[in-house]
Amino acid sequence: MQPSRGATAPAPPPNNDIVFACQHCATSFVVDAAAAGLQLTCQKCGEPTTVPNPALEDSSAEALKISDLQRQLKENESQRTEITGYINQLSIQLHRWQLRLKSLHERQQKLQAELAELAKS
Ligand SMILES: [Zn+2]
């Protein structure tokens, strides 16, 4: 088990040193950046432990971020398609209602004209 990299982890130092914890006893060590990725023997418990490589971790975090953004884009696109479909359907429906209203209006004028004709005589 690796020590968790939670909010309590110390902020990385401004220089190139790497702060990491032994994978066995969790003792913190500071090593030069040149040791990144190497396996060292813990000075406290004597077990071998691997120095994390910040460059690799950064690029894997970036890859995660990229795949997450791609997933969000895909989801966004499918929602766009769905809503565009709704709008198209409703536009067709609106057009049908407008035609129906127009024919009702024409019928009203015809009926009123007939009524006016009969009232005259
Ligand atoms: Zn140790």
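I began with the elements of the protein chain and found one helix and four strands, taking helices (H or I, at least four residues) and strands (E, at least two) as DSSP runs numbered from the N terminus. From the N terminus on, I read their order as β-β-β-β-α.

I noted that this is a predicted model, in which local features need pLDDT of at least 70 and side-chain atom pairs count only at pLDDT 80 or more, while totals for chains, interfaces and linings use all residues. Residues are numbered from 1 along each chain as its sequence is written.

Next I looked up helix H1, residues 54–120, whose 67 residues reach 97 Å from first C-alpha to last, close to the 99 Å expected (1.5 Å times one less than the number of residues). I counted zero buried residues among the 67 of H1, so the helix lies largely in the open; buried means 20 or more other C-beta atoms within 10 Å of a residue's own, exposed 12 or fewer, partly exposed in between, with C-beta atoms placed from the backbone. In the protein chain, 3% of the 121 residues are buried.

I then turned to strands E1 (residues 18–21) and E2 (residues 28–31), which run antiparallel and are joined by four bridges; strands pair if DSSP finds at least two bridges between them. Val-19 has Val-30 in E2 as its bridge partner. Six residues lie between the strands of this hairpin, where Ala-26 takes a positive phi near 65 degrees.

Last, I checked Val-31, which lies in strand E2 and counts as partly exposed because it has 14 C-beta neighbours inside 10 Å. Its C-alpha is 8.3 Å from that of Val-51, 20 residues apart along the chain.
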